[in-house]
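Please open the structure in a viewer and keep the selection panel at hand.

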Amino acid sequence: MTAAVDTRPDTEPRGIRRKARAYVALTKPRVMELLLVTTAPTMFLAQGGVPNLWLVAATLIGGALSAGSASAFNCYIDRDIDRIMKRTQGRPLVTGEVSDREALVFSYVVGVASIVWLALTVNLLSAALSLGAILFYVVVYTLWLKRRTPQNIVWGGIAGCMPVLIGWAAVTNSLTWAPVILFMVIFLWTPPHYWPLSMKYRDDYAAAEVPMLSVVRGRSIVGLQVILYAWATVVCSLLLIPVAGMGVLYTVVAVASGLWFIWESHRLYSRAIQQVAEVRPMRVFHSSITYLTLLFLAVGIDPLLAF
């Protein structure tokens, strides 16, 4: 007689993995990736070459923890509207994979860890800027602006500009005009990046009573604002050439990718005023990501070149 073999799957490791994925989802990894893409190149520019790689790693870890904490707080605060919006109904607090209390504790722990990590491994200025970014995103944007004004994403985008200041401060322990210009590039870039997304999910925001510009204004107005901010973004990016002594690579990339970004913005506006049924706002959304990625790759590579 042989002993019975338990053929039931081992659900405990699977449950742990599912819980871990849920916590990761709270940090909005896609948003975090975009923020970190701007940090490392800024550090290369600040150094004028290759910075200490341990310092880069430490700064990126701290920045990831900071961004993750802010996003997790955002998920906790916005859990009521996330249940309404189709785009966000898969988030962990909506599905119940993470409880409200677990999400709040996680947000605080990761936030504190980011500040302590940056203070101990980088410098106090970077830690202070990281703390400011978390507080601005959570208090100013999520709690104050998001549900009150169609300008929410304009001013709320300041938190997303902080990684360039953190990266520069990590290398130099100071701030100059060059990181301020990069800060302004991301500040001006955020509306034409996010407003097309809000056009696609207009019904979601309307159902949740979030006054995104696409909800309170027509498509043509949103399209015009996207054009104006896209132009402002590209012009601001060109200011870095004389201020930071950028070379041929950055100049070519900034002009070429900038013109492409502007062209996509004009295309969106043209379709909007022509009352085309499908204006395809996600073309601008995706092109804005490509534009910023190319621009900051040029920021990081340009200091390594002799021309």
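Begin by selecting Asp78 and Lys146, which form a salt bridge with their closest N and O atoms 2.7 Å apart; a salt bridge is a side-chain nitrogen of Lys or Arg within 4 Å of a carboxyl oxygen of Asp or Glu. Asp78 lies in the loop between helix 3 and helix 4 (79–82), and Lys146 in the loop between helix 7 (124–145) and helix 8 (152–156), so the pair ties together parts 68 residues apart in sequence. Helices are DSSP runs of H or I with at least four residues, numbered from the N terminus.

This is a predicted model, in which local features need pLDDT of at least 70 and side-chain atom pairs count only at pLDDT 80 or more, while totals for chains, interfaces and linings use all residues. Residues are numbered from 1 along each chain as its sequence is written, and side-chain values use heavy atoms, with hydrogens and water left out.

Both Asp78 and Lys146 are buried (under 20% relative accessible area with a 1.4 Å probe, protein chains only; exposed is over 50%, partly exposed in between).

Arg147 is partly exposed, at 33% relative accessible area. With Asp80 also selected, the network of salt bridges that links Asp78, Asp80, Lys146 and Arg147 can be viewed.

Then move to Glu264 and Arg283, another salt bridge, with the closest N and O atoms 3.0 Å apart. Glu264 is in helix 15 (residues 248–273) and Arg283 in helix 16 (residues 281–301).

Finally, select helix 3 (residues 53–77), where 19 of 25 residues are buried.

Key:
Helices (H or I, at least four residues) and strands (E, at least two) are DSSP runs, numbered from the N terminus. The expected span of a helix is 1.5 Å times one less than its number of residues.
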